Amino acid sequence: MERTKFTGKHSREKPSTSASASTCRKALITGITGQDGSYLAELLLSKGYKVHGLIRRSSTFNTERIDHIYVDPHDSEAKLFLHYGDMTDSGQLTNLIYNVKPDEIYHLAAQSHVRVSFDMPEFTGDITGIGTTRLLEAIRRSGIKTRFYQASSSEMFGDSPAPQNEETPFKPQSPYGAAKVYAYWMARNYREGYGMFAVNGILFNHESPRRGETFVTRKTTRALARIKFGLQDKLYLGNLEAKRDWGYAPDYVEAMWLMLQQKEPDDFVIATGETHSVKEFVNLAFAHAGIEIEWKGKSKSEKGIIRSLTSNLQPLPSNMKVGDCLIEIDPRYFRPLDVEFLQGDASKAKKKLKWEPKVRFKEMVKIMVDSDIKDLEEMKQCQDVIRKLSDNKSRQ
Ligand code: NAP
Ligand code: GDD
């Protein structure tokens with residue numbers, strides 16, 4: 001698991017944000033095992049915070065993204081503490097907040113997959129929507145003074161015209177988007193009704209090598225690596241024309257933290273301002289690995305074919321050749337409704353938070369492709385070593 005170094009310019013620009021000012025501050029992160037939770041935990045630890053994370057009990061390990069920063073709690077140096085809980089369990093949330101007494105709470109836990117939210121609308125409403133209310137109530141009832149970050153989403157804008165900013169009306173196009181709109185308003189209600197320091201970060205899509213494997217970017221880079229190593233023949237996708245404003249997750253967790261360092265609570269859009277289609281993402285990712293794709297056919301019959309192969313891809317799977325079809329459409333990945341065009345306007349964040357994205361689209365695509373290829377290369381080297389060892393053993 002790669003570790004990010006946070007040496008961002010933001011941290012030097014505000015007096016309240018120096019490492020010493022942050023020393024011994026306590027943060028609670030829900031969703032710490034997710035993409036954003038893991039980067040945020042690293043960021044806060046690097047600033048001297050004690051970090052508490054809520055994790056779900058699972059029959060298999062679900063802490064892979066944070067294993068590299070975990071230290072045994074018996075160790076006097078330990079600064080990261082994990083607690084079992086669930087967004088459906090109000091009693092545990094209240095106890096946890098009362099016992100930990102965090103200065104800052106970053107609420108990132110959610111059923112975060114938009115396509116899945118159509119299959120599980122009620123569950124998504126419960127976790128992604130009501131979950132926020134449970135946490136806000138837990139804060140209110142425990143009587144703790146804390147700052148609260150709500151992970152709001154550009155999916156709330158739905159088909160409202162771009163560029164979308166803090167004033168753009170919400171027109172969600174999915175159960176997930178509707179649940180996030182509800183949670184957004186609950187955070188605002190607690191801010192306005194109870195004077196709570198509650199903020200909404202309205203984040204546009206952000207990706208990384210730690211992105212969940214079923215989101216379109218990671219699904220693509222992971223499949224590409226597997227195709228390169230001859231482990232997979234094809235990549236099946238849904239809507240290729242949808243456009244997203246894709247940023248880089250480590251940049252976005254800095255914005256979350258900055259929002260909680262302001263004098264007054266407020267809501268902010270976080271985005272790059274650039275938008276690209278799914279097809280553009282796929283083209284760029286494959287090109288970076290040495291496979292130029294051309295598209296043939298229309299709609300459900302559209303296919304991504306190898307136009308040319310360059311040396312970047314060496315060694316090639318022996319059977320791969322120009323004209324092979326690597327990408328097909330599977331209508332299972334279409335959604336009953338889809339958001340076609342997202343492009344954020346983050347000028348308010350630029351002005352008030354002094355936040356700007358550092359890693360842009362092209363660089364992010366390369367980072368993700370390189371990481372998935374490297375992971376498989378390392379796995380292959382391990383397998384080669386094991387094979388050699390067992391060959392030697394059988395000869396003894
Ligand atoms: P993610 O990788 O899917 O992580 C979701 C986290 O929530 C995981 O730690 C998951 O735990 C936890 N979780 C899910 N259900 C839970 C429950 N019932 N109780 C406790 N924890 C639960 O999501 P992400 O990409 O890091 O996104 C973080 C947040 O930002 C989410 O709220 C998401 O909706 C929102 N958001 C994301 C983006 C984006 O582009 N990434 C953009 C805007 C907003 P397990 O590991 O056990 O599953
Ligand atoms: N997941 C997925 N899988 N999406 C596909 C596929 C596929 O095979 N093929 C095409 N797409 C299209 C989707 O239809 C959508 O238009 C676009 O790719 C992006 O899909 P996702 O990567 O699943 O992300 P999302 O935009 O739906 O949701 C993400 O961003 C939101 C912010 O706008 C999630 O991270 C949400 O949690 C987040 O709030």
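A polar contact, as the term is used here, is a pair of N or O atoms within 3.5 Å, where within protein one atom must be able to donate a hydrogen and the other to accept it, and where residues adjacent in sequence count only if both atoms are side-chain atoms. On that basis, a backbone N or O atom of L108 lies 2.8 Å from an oxygen atom of ligand 1. The model is predicted, with local features needing pLDDT of at least 70, side-chain atom pairs counting only at pLDDT 80 or more, and totals for chains, interfaces and linings using all residues. Residues are numbered from 1 along each chain as its sequence is written, chains are lettered from A and ligands numbered from 1 in the order in which they are written, and side-chain values use heavy atoms, with hydrogens and water left out.

**Overall fold**

- The protein comprises twelve helices and 15 strands, where helices (H or I, at least four residues) and strands (E, at least two) are DSSP runs numbered from the N terminus.
- For 396 residues a compact globule would have a radius of gyration near 21 Å, and the 22 Å of the protein agrees with this; the radius is taken over C-alpha atoms, and the globule rule is 2.2 Å times the number of residues to the power 0.38.
- The C-alpha trace spans about 65 × 60 × 40 Å along its principal axes.
- Of the 396 residues, 52% are buried, a class that means under 20% relative accessible area, with exposed over 50% and partly exposed in between (1.4 Å probe, protein chains only).

**Ligand 1 and its shell**

- Taken alone, ligand 1 exposes 910 Å², of which the protein buries 89%, the areas coming from the Shrake-Rupley method with a 1.4 Å probe.
- There are 24 residues around ligand 1, and T33, R56, L108, S112 and Y176 come nearest; a residue is counted as near if one of its heavy atoms lies within 4 Å.
- The shell divides into nine nonpolar, ten polar and five charged residues, with Ala, Val, Leu, Ile, Met, Phe, Trp, Tyr, Cys and Pro counted as nonpolar, Asp, Glu, Lys and Arg as charged, and the others, Gly among them, as polar.
- Helix α3 (35-46), strand β5 (147-153) and helix α7 (175-194) each supply at least two shell residues, and β5 gives the most, with three.

**Helix α8**

- Helix α8 (residues 216-228) has 13 residues that should span 18 Å at 1.5 Å a residue, and its end C-alpha atoms are 18 Å apart, which agrees; the expected span is 1.5 Å times one less than the number of residues.
- Because ten of its 13 residues are buried, α8 is largely enclosed by the rest of the structure; among these buried residues are R218, K219 and K228.
- Just after α8, G230 takes a positive phi of about 70°.

**Local features**

- H206, found in strand β7 (residues 206-207), is buried at a relative accessible area of 9%, and its side chain makes a polar contact with the side chain of D36 (2.6 Å).
- A cis peptide bond with omega of about -5° joins A162 and P163, and P163 is found in the loop between β5 and α7.
- S299, in the loop between β13 (291-296) and β14 (303-309), has a positive phi near 50° although it is a residue other than glycine, and it is exposed, with a relative accessible area of 57%.
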